Each structure stands twice: as C-alpha cells, then as structure tokens.
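Thanks for coming. I will go through one model, starting with a pair of side chains and ending with how far the coordinates can be read.

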Amino acid sequence: MGRRSSDSAPSAHGRFWLGAACALAGATLWGFSGACIQFLVESYAVSSAFISFTRAATAAVLFLALVLATRREALLSLLGSRAARRTLVLFGVGLYLSQITYAISIEMTNAGTATVLQATCTVFVMLFTCLRARRLPRPADFAGLVAALAAAALIATQGDWGVIVLPAAGLAWGIANALSETLYIMAPQRLYGRWDRVTIIGVGMVVSGVAAAIVWLAAAAAAAVPAAGAAAPIDASPVAAAQAAAASSFSAPGAAPLVPALDAVGWLALIGGVGVLGTFAAFGLFLYGVSLVGSVKGSLLGVAEPVGAMVIAAVWLGTPFSAADWGGLVLMAAMIALVSLSGSREKR
C-alpha cells in the first residue's frame with residue numbers, strides 16, 4: 001500500500017541520534033545559505049523575492065524528481081488521502097511563508113532583530129506541544145529552550161541590545177515568521193507514522209515552490225504596472241494601492257529587473273549554495289531529523305542555524321569572530337547537550 005514509512009533504524013536510541021545529526025546538519029546548511037544570500041545581496045543586489053522563488057523552485061524540482069524516481073507508489077498513496085492533501089498544503093505554505101516572512105522581517109527591522117524573533121519559534125512549538133499533551137515542558141527541554149534563545153540573541157545582537165528594533169510592523173512580521181516555522185514543523189507530524197518521510201517532505205516542497213512562483217510573478221506584475229501609479233488619480237482603488245504595497249515589499253530598491261544579471265559565480269551561489277545545499281539538502285535533512293526526534297527537540301536543534309551562518313561567514317566572507325559569537329557558541333553547545341541528554345533518556 002505504500003503507507004508505512006520504510007525509514008527504519010536499528011533502535012529508538014539510534015533513531016534519535018540519527019535525527020539529531022540530520023537536524024543539526026540541516027540547520028548548518030541553512031547557515032551556509034545565509035552566507036550565500038549575504039554574498040548575493042552585497043555583490044549583485046538580488047531581491048529577496050527572486051531568491052525566495054529560486055530556492056523554493058530548485059528544491060521543488062529536485063524533490064519531485066527524487067520522489068518520482070524512487071517513491072512513486074508512496075506518492076500515489078499519499079496523494080490519495082484527502083486529509084493528507086490538506087495537511088500537505090498547510091505544510092508547503094508554511095515552508096514558503098517561513099522564508100518570505102523572514103526576509104520581510106529583516107527589511108522591517110534588521111538581521112539581528114529578525115533572527116531573535118525567528119528563534120521564538122521554539123517557544124511556540126514547545127507551547128503548542130505541551131498544550132496538546134496537557135503537560136509541562138520537560139526540565140531539560142526548557143533549559144535547552146532558554147540556552148537556545150540566549151545564544152540566538154547573543155549572536156544576533158553581539159551583546160548590544162540597542163540594535164533590537166521593534167516597530168509594530170517589524171514585530172508583526174517577526175512573529176508571523178516564527179508562527180510559519182511552527183506550522184511547517186508541526187503540521188506534518190501526524191503523517192510521518194503512516195507515509196514515507198521523504199515523500200511527505202518532497203510534496204510539501206513542491207507546494208512551497210508553487211506558492212513562491214505565484215507570489216514572485218504577482219509581485220513582478222504589480223511592479224510592472226505603468227509608472228502610471230505616479231500619474232494615477234488620487235482616488236485610486238484600494239486594490240491598486242494593495243498591489244503597489246506588495247510590489248514595494250518584494251522588489252529591490254531601484255526597480256530591479258525580473259531576473260537579475262548574474263555571472264557564473266552568482267548563479268553558482270544562488271542555485272548551488274542557496275537552492276541545492278541551502279534549501280533542498282537543508283530542509284530535507286532538517287525535516288527528516290524532526291520526523292525522528294519530534295517537534296520540540298527538532299525546533300531547538302534548528303536554532304543552531306545562526307551558529308552555522310556565523311562560522312561560515314567568518315571563514316568565507318571574513319566576518320570577524322567576536323567574544324559574543326564565542327559566548328553564543330558555548331550556549332548553543334549547552335542547548336545541544338541538554339536536548340541530546342533529554343532525547344537519549346526518553347528513547348531508552
């Protein structure tokens with residue numbers, strides 16, 4: 001029937017360690033994609049909408065090819081369930097929203113503030129999980145949550161809390177980003193025990209790619225509406241005003257073209273670094289890891305992303321490694337140890 005997941009491990013203990021390793025590897029690759037995005041923005045002024053579309057589309061094509069080649073029966077079984085289809089749509093939309101809301105959150109505030117707000121995803125995941133199970137957080141998980149939030153804040157702000165900028169719009173987009181991450185982490189959990197994990201992740205990524213294409217093309221069309229916007233009558237319709245606002249949110253300053261001018265290095269960073277490694281491999285590994293360790297521990301391990309970005313940026317882009325970075329690294333190591341200890345005891 002293709003319903004039971006074929007992903008098995010020697011023991012529950014071994015499954016936890018495999019899941020933890022995959023989640024950490026995925027978070028590290030997210031950090032690598034962050035360094036690639038920084039390179040693309042600084043060197044080529046690529047818009048966040050085009051980056052979001054390219055990364056989602058690349059991952060969607062690769063996942064679709066993988067699933068069709070190796071898991072066609074599982075795909076048909078999964079798509080044959082109406083309840084599963086609804087969940088997959090939520091999952092895919094959450095995947096896309098997590099990317100675009102993070103980019104907008106940065107535009108509304110700054111990278112440090114957006115990263116701190118993004119890290120609150122772990123709070124929401126733990127809160128919803130505990131409410132559903134009607135229990136308090138486990139001590140090790142709660143301690144890991146505190147360490148993860150402290151590490152993310154320390155790395156993002158470099159110990160200077162004056163960089164935290166929280167206008168109402170920035171706070172709203174940051175919370176939206178955290179909630180969208182919570183959605184894509186928790187939505188597919190009930191599917192993992194019945195269907196193949198890779199197939200679930202692949203279908204979700206295809207939905208994400210379709211959503212990204214729709215938003216990118218809609219924003220481009222809105223931006224291409226005659227500059228008549230300037231010459232439009234004062235009583236322009238609310239729809240036109242909304243289109244103009246959307247275009248300004250998703251287009252880079254200076255009315256960037258639909259497809260930016262990139263050389264070979266730029267395309268390699270965009271397709272290879274952001275699309276293949278930073279999205280296809282990163283989300284695949286992270287979500288596979290979450291399916292093995294659970295929502296709470298997976299979301300905590302996902303906060304390791306700033307550490308990956310910090311280390312890679314220091315090695316590749318020459319970004320200085322500060323005392324605050326070292327402090328964040330120590331706190332993140334403590335979080336990983338706490339989560340690993342808690343998970344190892346649970347599985348035993």
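Is Arg71 buried, partly exposed or exposed? This is a predicted model, and everything I say refers to that prediction. In it, Arg71 has a relative accessibility of 21%. The cut-off for buried is under 20%, so Arg71 counts as partly exposed.

I start with Arg71 for its partner. Asp196 forms a salt bridge with Arg71, and the closest N and O atoms are 2.7 Å apart. The two residues come from distant parts of the chain, 125 residues apart. Arg71 sits in the loop between helix 2 and helix 3, which covers 72-79, while Asp196 sits in the loop between helix 9 (189-192) and helix 10 (197-224). As background, side chains of opposite charge can pair when their charged atoms come close. How many salt bridges does a search of the whole structure find? The count is 1.

Now the overall picture. The protein chain has 348 residues, and 47% of them are buried. The secondary structure comes to 16 helices and 0 strands. The chain exposes about 15700 Å², of which carbon and sulfur atoms supply 71%. If we take the contacts between residues at least 6 apart in sequence, 88% join residues at least 24 apart.

Ala25 is in helix 1, and at 30% relative accessibility Ala25 counts as partly exposed. Ala282 is 257 residues away along the chain, yet the two C-alpha atoms are separated by 7.2 Å. The second pair is Leu76 and Thr199, 123 residues apart in sequence, with 9.9 Å from C-alpha to C-alpha. Leu76 lies in helix 3, and with a relative accessibility of 60% Leu76 counts as exposed.

Ser52 is in helix 2, residues 48-70, and has a relative accessible area of 4%, so Ser52 is buried. Which residues does Ser52 contact, leaving aside neighbours within four places in sequence? They are Tyr96, Gln99, Ile100 and Ala212. Ser208 is in helix 10 and has 0% relative accessibility, so Ser208 is buried as well. With residues up to four places away in sequence not counted, Ser208 touches Ala56, Gly92, Leu95, Tyr96 and Gln99.

On the buried side we have Cys121, Thr122, Phe124, Val125, Met126, Thr129 and Cys130. The other part of the story is a nonpolar surface patch of about 360 Å², made by Leu127, Phe128, Leu131 and Leu179. Helix 6, residues 121-133, gives the largest share of that patch, 3 residues. An α-helix has 3.6 residues a turn, so residues three or four places apart point the same way. Phe128 lies in helix 6 and is partly exposed, with a relative accessible area of 35%. The cut-off for joining a patch is over 30% relative accessible area, so Phe128 at 35% passes that part of the test.

Two backbone points follow. Most residues other than glycine have a negative phi. Just after helix 6, Arg134 takes a positive phi of about 55°. Ala45 also has a positive phi, about 55°, although Ala45 is not a glycine. Ala45 is found in the loop between helix 1 (12-44) and helix 2.

Last, confidence. The chain averages a pLDDT of 76, and 75% of the residues score at least 70. Over residues 4-10 the pLDDT is below 50, and this stretch has 16 contacts in the model beyond near neighbours in sequence. Residues 227-255 also have a pLDDT below 50, with 14 contacts beyond near neighbours in sequence. Where pLDDT is low, the predicted coordinates should not be read in detail. That is the end of the walk through the model.

Technical notes
Residues are numbered from 1 along each chain as its sequence is written. This is a predicted model: local features need pLDDT of at least 70, side-chain atom pairs count only at pLDDT 80 or more; totals for chains, interfaces and linings use all residues. Side-chain values use heavy atoms; hydrogens and water are left out. Patches are made of residues with over 30% relative accessible area and no salt bridge: like charges are joined within 9 Å, nonpolar side chains (Val, Leu, Ile, Met, Phe, Trp, Tyr) within 5 Å. Accessible areas come from the Shrake-Rupley method with a 1.4 Å probe; for residues, only the protein chains shown count as cover. A salt bridge is a side-chain nitrogen of Lys or Arg within 4 Å of a carboxyl oxygen of Asp or Glu. Helices (H or I, at least four residues) and strands (E, at least two) are DSSP runs, numbered from the N terminus. Buried means under 20% relative accessible area, exposed over 50%, partly exposed in between (1.4 Å probe, protein chains only). pLDDT is the predictor's confidence in each residue, from 0 to 100. Contact means heavy atoms within 4.5 Å.
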